[in-house]
Amino acid sequence: MLSFQPPYQTVGGYTLLPDHATEQLRYVVPSTPQLRLKPDGHVDFSLVQYLGGGAGDQKVEGGLLTFSAELTTDLEEIRAQLDDDFELQPVLFDQGTVELIALGTSSLADISGDSAADSPFDLRVLGSGKPTLDVHNRVSFQLLLDAAGAELVEKLLDAPDLPIVLIYRLQLSGLRPSYNITIDADWEKVYSHLSHRLKANAYYVAADVEVAVEKALEANDISIDITVFGSSEADRTAAAAARRQLLDWVMERMFEPLLSTKPDLAETVVDTVDDLLFSLVRTVVPGVSYRLRSLTQTQIRHFNIRLDETVAERREIVPQGTLGGLFRRFQVDEQGRPNPDWPALRASLVQKVNLNGFPRLEVAVGVEDRFASDGVARVEVELR
């Protein structure tokens with residue numbers, strides 16, 4: 001599974017995330033959206049401007065914007081820049097949205113009457129959509145624009161920094177470490193300490209055993225280095241949980257429980273003792289007693305402890321770019337020289353339709369949302 005374990009490698013503007021289990025696998029996070037190309041190679045973008053006014057004073061009255069964008073990765077390009085022979089896979093996202101936002105100056109004042117609003121900008125969502133959430137993350141827009149919007153979209157073809165921004169908000173799931181514990185211990189001394197404090201073949205309640213183990217760890221200067229990742233409440237309590245896990249680990253290897261003679265309870269816990277689920281015994285059989293195991297020095301020397309925890313979480317990435325900036329690759333070549341085909345391409349992207357002489361009729365259709373109860377499948381409006 002994808003891992004959020006840093007450090008992250010960046011190649012050609014793409015971030016590579018590791019896999020939690022496969023060393024040579026990397027997941028590629030896309031960086032910048034692009035305009036989609038049609039099968040014939042033409043850019044999937046169209047702006048229709050509707051003109052009105054007098055015969056000698058035509059002006060833009062509105063428009064219709066249609067385009068498609070995608071957020072993808074060029075794995076071959078990335079592989080060519082890598083020194084290591086990694087297996088590359090594109091990140092697949094769990095969910096996401098895409099918004100087209102126009103950014104303009106705000107003339108709004110706050111409620112107190114102060115002339116300075118909370119934000120100097122007026123954010124207007126022109127449209128939103130859902131990406132396909134596959135390797136291409138494609139999204140399509142078809143938007144009705146007012147006069148100002150239709151003029152602004154045309155201008156961005158020549159001024160890529162104009163403030164119409166395409167914003168992807170995508171969520172992906174992965175694993176990240178919660179805590180890691182390194183323990184430096186002389187387990188022979190710990191076992192010897194317990195042997196002197198606890199009588200052989202005598203059973204002790206769990207509370208007394210825990211106290212004896214804690215004192216043995218303290219008396220033998222056990223070095224515990226705990227690294228906690230993250231700042232959430234769960235992360236802040238990870239250290240306490242880790243110390244509890246250490247206590248279970250010692251009890252599991254140096255003690256054995258006195259199992260109940262009841263058949264149902266005995267069958268429940270008998271398999272857990274040898275399957276490293278020792279702490280479960282106390283849950284299944286409350287009040288169970290323990291005695292110290294008889295261990296040889298060879299067995300104790302093979303004790304090795306590594307305590308860590310990995311949790312799954314969901315994170316959001318927000319790739320974005322100005323709509324005009326997405327035309328950069330059509331305007332210049334890889335060396336930054338002007339593309340001679342751009343003027344012709346630009347002219348094909350914008351169409352102007354004169355509405356003078358065409359009768360216009362506005363029709364408002366109100367439908368109450370009772371389709372399910374009334375069995376209505378659709379509503380048709382016919383204009384004659």
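Which residue in β7 does Y27 stand opposite? Y27 stands opposite Q89 in β7. Strands here are DSSP runs (E, at least two residues), numbered from the N terminus. Four bridges join β3 to strand β7 (residues 87-90), and these two strands run parallel; strands count as paired if DSSP finds at least two bridges between them.

Strand β2 (residues 14-18) is likewise joined to β3 by four bridges, but this pair runs antiparallel. Within it, L17 stands opposite Y27. The two strands, β2 and β3, form a hairpin with six residues between them.

**Basis of the description**

The model is predicted: local features need pLDDT of at least 70, side-chain atom pairs count only at pLDDT 80 or more, and totals for chains, interfaces and linings use all residues. Residues are numbered from 1 along each chain as its sequence is written, and side-chain values use heavy atoms, with hydrogens and water left out.

**Burial of β3**

Five of the five residues of β3 (residues 25-29) are buried, so this strand is largely enclosed by the rest of the structure. Buried denotes under 20% relative accessible area, exposed over 50%, and partly exposed in between (1.4 Å probe, protein chains only). Both faces of β3 are covered, with L25, Y27 and V29 buried on one side and R26 and V28 buried on the other.

**L123 in strand β9**

L123 belongs to strand β9 (residues 121-129). Because its relative accessibility is 59%, L123 counts as exposed.

Leaving aside neighbours within four places in sequence, L123 is in contact (heavy atoms within 4.5 Å) with I101, A102 and L103. The C-alpha atoms of L123 and I101 are separated by 6.6 Å, although these residues are 22 residues apart along the chain.
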